[in-house]
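Keep the viewer open and look up each spot as you read.

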Amino acid sequence: MTGFALGLLLTAWWLHRLPEPVAPTPALVLVFAFVTLVAVVGLRFFRLRAMKAWTMALGMLVAWGLVFTTASAWLDRTLTPALSGEEVTVLATVTSLPEHAGHRSRFRVTIEATEAGPGAFRATELLVSAYPGRPEVRPGTRAVMTLRLRPAAGPANPGGFDRAGWYYREGLHGSATLIDLKGTNAVSEGKGTTPWRARLHGARAWLRERVESAAPDLRHPGLVQALVIGDRQAMTDEEWHAFLRTGTNHLMAISGLHVGLVAGFVGLLAAGLWRSLLPLQRRLRRAAFIALASLSGALVYAALAGFSIPTQRALIMLAAFMAALLWRREAFAWRGLMLAAIAVVLWQPTSVLAPGFWFSFGAVAVILMLLQGRSGRPGWREAGSIQVMLALAMLPLSLGWFQLGAWVAPLANLVAVPVISLLVLPVLLLGAGLAAVWVPLGYPLMHAGDAVLALLVAVLDGLSGLPVLVDERRVPLAASLLGGLAVVMAMQPRLRRAAVWILLAGLALVLPMRPDLESGAVRAHMLDVGNGQSVLLQTRHHNLLFDAGPGRAGGYSAGEQIVVPALRAVGVRHLDRLILSHEHAAHAGGAAGVRSAMPVAETLRRAPTGPRERACEAGERWQWDEVDFEVLHPPPGWDGSASASCVLAVETAGGVRLLLTGGLGGLGEAVLMRNGPERRASDLLILPRGAGADSLSRGWLRDAPPLRAWASTDAQGRGLPDAVRARLGSACIPLRETGVEGALQVLADSDLHVASGYRVRDRRLWQPGRMPASADAEPCTEAPSDRTRW
């Protein structure tokens, strides 16, 4: 079984990292057979019989078929970029627990029939958003909906959230905006066949309403809902922040720990019931009755969580353990773990893409390793030490996947796990059960659980405020795996003699991630922030962020969700300077999110208002690590409009020049044109985002043509007028767009060293979007003017 599990898991993970599904052609089958033969012979030669090489080959073959079938089916139905903005009219059923947030409702629908729309539309599962909110929409709602389509795509940046990958993992073919529910009776329940998911989430919604009615004045209703039905929609940012920064956020998702606890509670009740019922003792063995009751209780609780992937893993593993217990098999723990992993991947091959998959199974593997060789049941002291060691072992993986490591996690989990497991969860579940029978019965218990939660949140909030105990950075995945291995090795008494190797593996976590830049060079990252702009400039010892992407107060912030993760992914932990070219929300809206996440020494902007802020005006000059920076525009006294956008020139020691124009246009461009072509000279021109169609039409491309041009655009190409694209094409200036290639990167020293776009470089099979033109396309007939003119 070990060989099959390893072959299945590793092959499924590897195939999902390819840019397209690998079809089982005859040539590939022959290659696979040859590799399998070599593996079998090699493993037999080294006498690794426990691995059973042929089962590994079988696991690889099964993974190949599963991934190809799953990916091909999804790609056949996913929304393509050509369908973006198209409208369809469909008959659909809501098959999720809707998220109602006042100004917006969001829910999943399963499409039964298409009444009108493009012929290329074949999607059956969509994530729908409605503006304003539609609180009348419930699980099982069946309606004729008019939808405006959006493909399963998103920004592509280092360290960023892979939205398209999440859609693929969840089986969603795209998203849409609700335009209309046709007719006054369009919303109907009970008509037609209701999918089982709709019935399940309908039951969850009913229980949520009963809990809210039983205790409408709770201090932490979001936490209560998260623990009872696995719904985290109502959690506040402050609550989520306290759990996340202390490494206890796993407690706020119904996962293996919670399912196991419920199974244990039900098992204890079943044992008492079995002793009191003599007829039951004659018909069923005690172990069998307890196992069936525990599994039934876990099944009900997993249903309350909507059968999320973590609960699926826990159920399968629990069933495997119960089966091994009933069959009186010894040493069943590792077999149960492998059986659960195999079953989860067979049921949902895309689960290998979820960090939670590896965290769950990794955590159980660490626990089994720590228990290995121990006899008897672990006591409180052993359970506490296991919890501390588990938190330490998971810390490197948290840094690698989530850019967040809580050194306080061992202490926080030592407090939070028993409090949630033994005090809060049983009380809340019993209260919810009583509320389901009669609403007033649940009031005392719901308030008791909420009171304990309030104390716990206060403790965690205090711990999360200790900055020295929270590490917000990203380490390479390989380094995090090595670090986790070092922690596990250090926990094994038999391996402590290899202290030198343990130390070397652990060093991977603390090695600096600064880019290897020489003095006089600069590296530029133009981030893919959609309808906005953000550019990171790095010299040997300094970091400058030019614009922070779009954002709005109290809403979405690209600075928090895109820019900060990207900065951490390339090793930036502080900014020496932040320049906001002008006050438009597409450029300055994300600034608050950036400044709340990392130190910013100084900010230059058009309308300084706070401490450590100055006006961005022409004439500002400085040098970092032999790289010259100069603000060319605007003159003193201008306002914060796009015409007054800051323009920054960067020149390396080797004479390579970059020009960042922010949102410059109109009058501002005309004024800058009067300074002479040598001031506007550049090897790389970052084009004005959102400028008018007359941008670069005043002779700029004639007397100071750049060698290359970059533009910040979204997936639909918005942010750069077609007239400007045509102008650049006529001048034979190569153009690259973030909306096409994702985040762009260049190293400038004595020349420009341009890397492939992030979407192109790290393309996965679920990202079929627009690709850049082929390199062998028809060449431009006119070369840009020689730089000696400048």
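**Notes for a first look**

1. Let's start at Glu651, which is partly exposed, with a relative accessibility of 29%. Its side chain meets that of Arg657 in a salt bridge, 3.4 Å from N to O. Arg657 itself is buried, at 12% relative accessible area. Bear in mind throughout that this is a predicted model.

2. How many salt bridges does a search of the whole structure find? The count is 26. As background, side chains of opposite charge can pair when their charged atoms come close.

3. Have a look at Arg197 and Glu125, whose side chains form a salt bridge at 3.0 Å, N to O. Arg197 sits in helix α5 (residues 196-214) and Glu125 in strand β4 (residues 125-130), so this pair ties together parts 72 residues apart in sequence. Arg197 is partly exposed at 21% relative accessibility, whereas Glu125 is buried at 11%.

4. There is also a network of salt bridges, and it links Arg577, Glu602, Arg614 and Glu620.

5. Now for the disulfide: the structure holds 1, and it joins Cys616 to Cys646 with an S to S distance of 2.2 Å. The two cysteines come from distant parts of the chain, 30 residues apart: Cys616 is in the loop between β14 (613-615) and β15 (621-624), and Cys646 is in the loop between β16 (627-633) and β17 (647-651). Are these cysteines buried or exposed? Cys616 is buried, at 1% relative accessible area, and Cys646 is buried too, at 1%.

6. Next, some strands to trace. Strand β19 (residues 684-686) pairs with strand β20 (residues 708-711) in the parallel sense, over 3 bridges; Leu684 has Arg708 in β20 as its bridge partner. β20 also runs parallel to strand β21 (residues 735-737), again joined by 3 bridges, and here Ala711 stands opposite Glu737. With helix α25 (residues 722-730), β20 and β21 make a right-handed β-α-β unit.

7. While you're there, check Glu741 and Arg736: their side chains meet in a salt bridge at 2.7 Å, N to O. Glu741 is buried, with 7% relative accessible area, and Arg736 is buried as well, with 13%.

8. Finally, turn to the surface. Leu411, Leu414, Val415 and Val459 form a nonpolar patch there, with about 300 Å² of accessible area together. Which helix gives the most to the patch? That is α15 (residues 409-437), with 3 residues. Val415 is found in α15 and is partly exposed, at 35% relative accessible area.

Conventions. Residues numbered from 1 in each chain as written. Predicted model: local features only at pLDDT ≥ 70, side-chain atom pairs only at ≥ 80, totals over all residues. Heavy atoms only, no water. Disulfide = S-S within 2.5 Å. Helix = DSSP H or I, 4+ residues; strand = E, 2+ residues; numbered from the N terminus. Buried < 20%, exposed > 50% of the residue type's maximum accessible area, 1.4 Å probe, protein only. Patch = residues over 30% accessible without salt bridge, like charges linked within 9 Å, V, L, I, M, F, W, Y side chains within 5 Å. Areas by Shrake-Rupley, 256 points an atom, 1.4 Å probe, with all protein chains shown as cover. Salt bridge = Lys/Arg side-chain N within 4 Å of Asp/Glu carboxyl O. Pairing = 2+ DSSP bridges. Right-handed = clockwise from strand over helix to strand, strands pointing away.
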